[in-house]
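Welcome! Take a moment to look over the sequence and the 3D view below, and then let us walk through a few of the parts together.

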Amino acid sequence: MSTVTAPATPLTQLSAWKSLQTHYEEVRSLHLRQLFKHDPGRGTRLTAEAEGIYLDYSKHRITDETLKLLIELAEQSNLRPRIDAMFRGDKINVTENRAVLHVALRARKGEKIFVDGEDVVPEVHEVLDRMSAFSDRVRSGEWKGHTGKPIKNVINIGIGGSDLGPVMAYEALRHYSRRDMTFRFVSNVDGTDFAEATHDLDAEETLFIISSKTFTTLETMTNAHTARSWALKKLGDDTAIAKHFVAVSTNAEEVTKFGIDTKNMFGFWDWVGGRYSMDSAIGLSTMLAIGPENFRKMLAGFHAIDEHFRTTPFERNLPVLMGLLSLWYNDFFDAQTVAVLPYEQYLKRFPAYLQQLTMESNGKHVTLSGEHVGYQTGPIFWGEPGTNGQHSFYQLIHQGTKLIPCDFIGFSKTLNPLGNHHDLLMANVLAQTEALAFGKTPEEVRAEGTPDWLVPHRVFEGNRPTNTILLEELTPEALGKLVALYEHSVFTQGAIWQIDSFDQWGVELGKVLAKKIVGELEGKEPGGKHDSSTNALIERYKKQRG
């Protein structure tokens, strides 16, 4: 049976929730200008630090009472037993009756984590060792393609978690990657994605990683068979497939049928959700890019935050604090989005990665027991790297009518020192959070000599909440810590909302209907089976396609 440790009492009936509702009415009109004026030490007191991550949450519309009530809510929601259940290997993914053990992917050798009575840590390290040996062979040139040429190009074919994690990690750690190798990623079933990824590559020097647990995912296998045809057009011989394709999968039969040697099949487990899998064999492309040693440093970063989350009291627990603050705005201020703003160009794909991690996890409308929720769950995550966003959407954050909590992520050291670029970059981080918090009053605008008619346009209301997340430098270890920070923040929110953060039934219906419609588009199935809109669109498409 699945283990459910959520409280029997509905969330909105918990005393801490009711107290927060009352408290919200008392503090909703407080301005950050007042809060800082009456508490000069607030900027250093409302901070937390662990494992090289410094979190400044002082620029939030909260008081000490807010924090006390939010932590009480976490305790009444059985967050600690839920955390323990996950690390223990209990089947907390109740709708699929599965354990949730991405934390086992970065457990150290010798640690013990059990699923159905079996310690899974040795299996994890066996796969890691095989990945390392394979990566070393490819990176050293020992692994040769069908015609005897070493591999210079690696293309990862996957979708969802089998793509977003590897893409984000490669871009984030490009500084550490092999510059004499090309790494590309294909996910979209749109043929343009594949065509552009391969147009300037030589099949003799190209290795494809097909990432699909079942080896039946429609988009991934469509792209995989296209890749097979592309490679054979140059290589000619079916036996070449074994030298140019490897699989991240658990379906040995389909992998063999495709032509891949199962010695080059790297497995993972049903207790690893796709959006939590970048540090499993799904990260093979990452390891090929940055090398096994750096990959293991990334895992060590994950593990450090895992242990922090598992053992640290809530009032100093970084993921718990971030999760509670996000819930505070989502459920009480009706803030519908969160902007993630990394001031680090290498993290340009980090917001897109977080979109799946957060919204696929907590975009749920029923509780663990199947009851419809009576409150908002997962907010919308979005963002761009700074300073690009400042010249795009920051106008709305500063002066728009929507409340948008923001996470600003910065690093004290740059990997690419160029003149005063980094000081200028980080000055913008600090200035933006200050401006969002305190704004500019009409009196301040007038004092600058602004005409009365222009004053309203130049006023900044402020009181816009932000986290500032500061790390020393973007290393593989730091990336692991940053991802784990958000993973566990997502867990915190899902546990309090009493939802299953680890299933994703919402992605299924569209896929099922697409399989039906493709037969009609190709003329293999009769049309007219849908609503009038869909039927008309199918006919228009067929007519225009010719």
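In what order do the five strands of the open sheet come? They follow the order S6-S5-S7-S8-S9, and their pairing is parallel. Please keep in mind as you read that this is a predicted model.

## The open sheet

Strand S6 (182-186) and strand S9 (265-266) are the edge strands, and each of them pairs on one side only.

Further in, strand S5 (residues 153-157) and strand S7 (residues 206-211) run parallel and are joined by five bridges. To find one spot in this pairing, look for Val 154: its bridge partner in S7 is Leu 207. In general, the strands of a sheet pair through backbone hydrogen bonds, in either a parallel or an antiparallel way.

## Helices across the sheet

Helix H7 (residues 161-172) lies across S5, S6 and S7, and runs at about 150 degrees to S6. Helix H8 (residues 191-198) also lies across S5, S6 and S7, with an angle of about 170 degrees to S6.

## An enclosed strand

Six of its six residues are buried, so S12 is largely enclosed by the rest of the structure.

Which strands does S12 pair with? One is strand S10 (residues 337-342), which pairs with S12 in the parallel sense over four bridges. Here Leu 341 has Phe 408 of S12 as its bridge partner. Another is strand S13 (residues 466-471), which runs parallel to S12 and is joined to it by six bridges. In that pairing, Cys 406 has Thr 466 of S13 as its bridge partner.

## Two crossing helices

Finally, go back to helix H1 (residues 15-27) and helix H4 (residues 64-76). Their axes come within 8 Å and cross at roughly 155 degrees. Because of that angle, H1 is roughly antiparallel to H4. The crossing in which H1 passes H4 is left-handed.

Which residues make this contact? H1 brings Ser 15, Ala 16, Trp 17, Ser 19, Leu 20 and His 23, while H4 brings Glu 65, Thr 66, Leu 69, Leu 70, Glu 72, Leu 73 and Gln 76.

Technical notes: Residues numbered from 1 in each chain as written. Predicted model: local features only at pLDDT ≥ 70, side-chain atom pairs only at ≥ 80, totals over all residues. Heavy atoms only, no water. Axes fitted to C-alpha atoms, helices over the stretch in contact; angles between N-to-C directions. Parallel < 35°, antiparallel > 145°, perpendicular 65-115°, else oblique. Left-handed = near helix turned anticlockwise from the far one by under 90°. Contact = heavy atoms within 4.5 Å. Buried < 20%, exposed > 50% of the residue type's maximum accessible area, 1.4 Å probe, protein only. Pairing = 2+ DSSP bridges.
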